[in-house]
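Subject: A structure for you to look through

Dear colleague,

Here is the structure I promised to pass on to you. Please open it beside this message and follow along as you read.

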Amino acid sequence: MLAKTETATFLDELFDQGLLIETGVDGLYGRSGLFEAIGDGFQNLVTRYGGADDPEVVRFPPAMSRQVFEKSGYMKSFPQLAGTVHCFCGNPADHVSLLQTIEQGGDWTDGQKASEIVLTPAACYPLYPTAAKRGTLPAEGRLFDLMSYCFRHEPSKDPARQQFFRMREFVRMGTPDQVTEFRAAWLERGQAMIGELGLPFMVDVANDPFFGRAGKMLAVNQRDQRLKFELLIAIESEEKPTACLSFNYHQDHFGKTFGLTTAGDEVAHTACVGFGHERVILALLKHYGTNVKRWPASVRQSLGL
Amino acid sequence: MNIQIREIIARAVELPGGVGDLVDTSDLYEAGMTSFGSVQLMLALEEAFDVEFPERMLNRRLFSSIATIRAALEELRSESVGG
C-alpha cells in the first residue's frame, strides 16, 4: 500500500486521467483516444515541416528479419535492449509437457525457439537492405519517411522511457555532403518546430546507450565526432531532460554494412532525424497539463486540436 | 614495446592497407580503423599487457597511434609501480 505521504508521479497522473493504460508491465501501456489525437496532431506538424522535401513514405511492421538484424551489428552495441520473437515449434507430446509446465508454474519458455523475426529497435533498421536492393543511389540520393513502433527492453516507471514506443524518422542516403546538409537543416527545423509548440528545449551533443566498458569507448568516440545531437525537453526531471528529437550522422556504417553505393560509386553515407512520438506528446502534457482544452490556442491550432 | 603494440594492431584491427606502412605516429583512424576497431584494439591491449584502461583514458585520441598507445601504457605502468 502506498504511504499517504508518497506523492503521485506524472505516470500516476497519466493513468488517473486515462491517457495511458496500465498493463501490469512497466513501460508497456495502452493509449487513449485523446493521447492518440495529440499524437496525430504532432505527426501532421512533422509532415508540414518535412513534406516539402518530398520524401518517399515507407511503413514497416514493428518487427524485422533476424538475418538483417544480425547483419546490422545491433548486438555489438546494444545487446541489453534487443527483443527477439520466440515461438513454440514442438510436436503434440511437447505441447502436453508445455501445458503441464504452465499448470505447475514452471518455466514453460525453456522450449521456445527463436523465430526468424526480431522486434524493430529503431524505425530505420529494416530500410537499409530494402534501399540497397534497388541498386546504386540516384545522383540526388534518397530520402525516406518512416514510422514504426519500436521495442527496447528497458523497464522503467518513467513514462518517457517505454518499452514499446513509436518513432517517426526521415532518413537521408547519399554523399557525405548531402547527408550532413540534411542533418544541419533538420537541426534548425526541429528547433523551429518545437518552438512553434512553445515548449522549452535545449540542443546538445549526445551518445547512444552503448553496452558495457567497450560501450564507454564507443560513446566517447560518438561524442568526439559529434555524430549525434538531441533536442531535449524536461518531462520526468528538470535536471535530466528527455531526448525528444535526435539528429544522427551514421557516416558510412549502414552504407558499408548493407552495400549502399552512391551514383559516384562510393560507399553511401546516411543520416536520420528521429522524432520520439510518445515523448513529444508527454512533453506537451507535462508542460501544458492534462486538460487539453486549457492549452494555449496557438498550440491547439498547430496540432489541429 | 612498439613492436608488440604493432603486432596487436595487426591482429585486432582490420586495416585496408595492413600495418606494414605504419610509422609510430601514423593516425590509425586515417588508416581505416573504425570505432569498433578501436574497441577491439583496447580490449586486446588490456589482455596482452594485463592492464585496465581507466575511464578517463577511454577516448578517441589515446588509441590513435602506436606512440599515443605506448605513452598511455607507460603511464599506467608507472602508476602501478608507484603504488
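Two residues count as being in contact when their C-beta atoms, placed from the backbone, lie within 7 Å. With that in hand, among the contacts in chain B between residues at least 6 apart in sequence, 61% join residues at least 24 apart.

This is a predicted model, in which local features need pLDDT of at least 70 and side-chain atom pairs count only at pLDDT 80 or more, while totals for chains, interfaces and linings use all residues. Residues are numbered from 1 along each chain as its sequence is written, and chains are lettered from A and ligands numbered from 1 in the order in which they are written.

Where does chain B meet chain A? Ten residues of chain B are in contact with eight residues of chain A, and on the side of chain B that touches chain A there are five nonpolar, three polar and two charged residues (Ala, Val, Leu, Ile, Met, Phe, Trp, Tyr, Cys and Pro count as nonpolar, Asp, Glu, Lys and Arg as charged, and the others, Gly among them, as polar).

In chain A, three strands form an open antiparallel sheet in the order β4-β6-β5 (two strands pair if DSSP finds at least two bridges between them). The strands β4 (63-65) and β5 (84-87) of chain A stand at the edges with a single partner strand each, so one side of each is left without a neighbour in the sheet. β4(A) pairs with β6 (residues 113-119) of chain A over three bridges in the antiparallel sense, and A:Ser65 stands opposite A:Ile117 in β6(A).

I hope this helps you to find your way around.

Best wishes

Key. Helix = DSSP H or I, 4+ residues; strand = E, 2+ residues; numbered from the N terminus.
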